[in-house]
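I opened this model to look up a few things and note them as I went. The entries below follow the order of my looking.

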Amino acid sequence: MSQLVPGAVFLGSSVFPHYVTGGVPHWYCAMTILPWLFLLHRKSVADHRYVAAAAGAYAPVLCCGSLHHFVLFPVVFGLDAVLLALQRRGLRPLLTTAAWGVAGVALATVLVVPLLDLFREFPRELPGLGRWMPLELLPGVLFSPDLPDLHGRTAGLLVFGGSAVYWVNCGAYIGLAAGLLALLGVVGAPRRTAALFLLTLGCTWLALGNGIRPSLWDAVHRLPVLSSMQAPERLMLLVVFGLALLAGAGFALVEQALASRAGTWARVGSGALLAPGIVPLLVVN
């Protein structure tokens with residue numbers, strides 16, 4: 001039953017309806033590739049035969065018309081590779097991630113070459129300093145069902161001090177129950193979830209942009225190609241992905257506790273406990 005939780009939280013979050021509202025429904029395609037890419041990325045660390053499969057999953061992200069994700073996914077997977085390398089005390093995660101990343105770009109060459117030519121002629125290297133997601137907005141983004149006016153004159157534009165963010169870029173409602181399950185996964189199985197927890201924190205740090213010091217986004221934004229990327233709050237979708245996986249780990253602990261005490265009623269109890277997490281997602285999103 002716990003295997004249902006990550007998919008329900010991730011694909012049931014408000015990230016996806018906001019993409020439709022914001023006029024980028026084709027991003028759906030790239031997001032449905034993300035779980036497969038993450039699985040193959042993790043498998044490639046243990047077995048190099050999965051490197052080709054990971055490359056084959058990465059290339060279609062650009063074919064979906066999702067340049068933003070094609071550029072930012074390597075940053076996130078590179079961060080995951082660094083964490084895994086530290087955890088395993090070896091370079092293999094870094095080498096396999098670099099291998100499938102380069103191979104994936106090569107597979108997408110038919111689109112990469114004209115895009116590079118376009119950016120060379122019309123550079124889009126914007127400073128990226130005028131927008132960030134304030135830290136105090138984070139709890140509301142993840143856990144509040146309230147929405148700003150998405151159809152008025154401001155069209156969901158929220159102004160905080162010197163920053164302004166569009167709600168359709170950062171709205172990532174998963175509900176309090178999913179958040180508590182993710183916390184349980186971190187506290188109850190720290191060794192198993194340590195790398196994933198740190199990766200989720202890293203994505204959150206990136207999503208906050210340069211509204212927090214030190215700013216990981218500022219460091220990333222100085223890199224070639226990445227200097228053209230704007231709206232760091234869009235990385236909240238990767239925060240949701242990490243929280244969804246952590247929620248699955250948390251629910252697995254609940255399931256194990258029920259199985260040890262409830263016997264044959266464990267599955268029934270698990271199904272009942274899924275409701276507080278899934279029903280709000282259906283109602284709100």
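**Entry 1: the largest cavity**

I began with the lining of the largest cavity, to which α3 (27-46), α5, α11 (190-207) and α13 each supply at least two residues. I note here that the model is predicted. The volume of the largest cavity is about 90 Å³. I counted three cavities of 30 Å³ or more. Which residues lie nearest the centre of the largest cavity? I found Phe38, Val76, Leu199, Leu238 and Phe241 there, out of 13 lining residues. By class, the lining of the largest cavity has ten nonpolar, two polar and one charged.

**Entry 2: the second largest cavity**

Next I looked at the second largest cavity, which holds about 40 Å³ of space. Its lining is made up of His68, His69, Leu72, Phe73, Arg234, Leu235, Leu237 and Leu238. Which helix gives the most to this lining? I found that α5 does, with four residues. Both α5 and α13 supply at least two residues each to the lining of the second largest cavity. I sorted this lining into five nonpolar, two polar and one charged residues.

**Entry 3: helix α5**

Helix α5 has 22 residues. From first C-alpha to last, α5 reaches 32 Å, close to the 32 Å expected at 1.5 Å a residue. Just after α5 comes Arg89, with a positive phi of about 55 degrees.

**Entry 4: aromatic pairs**

I then turned to the rings. A pair of aromatic rings is described by the distance of the centres and the angle of the planes. How many aromatic pairs are there? The count comes to nine. I looked at Phe10 and Phe241, whose rings are 5.2 Å apart, centre to centre. Their planes make an angle of 70 degrees, and the pair is edge-to-face. Phe10 belongs to helix α1 (residues 4-12) and Phe241 to helix α13 (residues 236-262), so this pair ties together parts that are 231 residues apart in sequence. Are Phe10 and Phe241 buried or exposed? Both are buried.

The next pair I noted is Phe73 with Phe77, also edge-to-face. Here the centres are 6.3 Å apart and the planes 90 degrees apart. Phe73 and Phe77 sit four residues apart in helix α5 (residues 67-88), about one helical turn. An α-helix has 3.6 residues a turn, so residues three or four places apart point the same way. Phe73 is buried, at 1% relative accessible area. Phe77 is buried as well, at 2%.

Ring pairs link Phe10, Phe16, Tyr19, Phe38, Tyr58, Phe70, Phe73, Phe77, Trp100 and Phe241. Among these, Phe38 and Phe241 are already in my notes as lying nearest the centre of the largest cavity. Phe73 is in my notes too, as part of the lining of the second largest cavity.

**Entry 5: salt bridges**

I searched the whole structure for salt bridges and got four. Side chains of opposite charge can pair when their charged atoms come close.

- Asp47 and Arg49 meet at 2.7 Å, N to O. Asp47 is buried, with a relative accessible area of 17%. Arg49 is exposed, at 65%.
- Asp117 bridges to Arg120, with the closest N and O atoms 3.2 Å apart. Asp117 and Arg120 are three residues apart in helix α7 (residues 109-121), about one helical turn. Asp117 is partly exposed, at 44% relative accessible area. Arg120 is exposed, at 61%.
- Asp218 bridges to Arg213, with the closest N and O atoms 3.8 Å apart. Asp218 counts as buried because its relative accessibility is 16%, under the 20% cut-off. Arg213 counts as exposed, at 59%.

**Entry 6: a proline in a helix**

Last, I looked up Pro276. Where is Pro276 found? It is in helix α14 (residues 266-284). Pro276 is partly exposed, with a relative accessible area of 47%. I also took its separation from Thr97, which is 37 Å, C-alpha to C-alpha. In sequence, Pro276 and Thr97 are 179 residues apart.

How values were computed:
Residues are numbered from 1 along each chain as its sequence is written. This is a predicted model: local features need pLDDT of at least 70, side-chain atom pairs count only at pLDDT 80 or more; totals for chains, interfaces and linings use all residues. Side-chain values use heavy atoms; hydrogens and water are left out. Rings of Phe, Tyr and Trp (its six-membered ring) pair if their centres lie within 6.5 Å; planes under 30 degrees apart count as stacked, over 60 as edge-to-face and the rest as tilted. Buried means under 20% relative accessible area, exposed over 50%, partly exposed in between (1.4 Å probe, protein chains only). The expected span of a helix is 1.5 Å times one less than its number of residues. On a 1 Å grid over the protein atoms alone, a cavity is a set of points where a 1.4 Å probe fits but cannot get out, and a pocket is an open set with protein on both sides within 12 Å along at least five of seven lines; lining residues have an atom within 4 Å of a point. Grid points are joined across faces, edges and corners, and a volume is the space filled by probe spheres set on the points. Ala, Val, Leu, Ile, Met, Phe, Trp, Tyr, Cys and Pro count as nonpolar, Asp, Glu, Lys and Arg as charged, and the others, Gly among them, as polar. A salt bridge is a side-chain nitrogen of Lys or Arg within 4 Å of a carboxyl oxygen of Asp or Glu.
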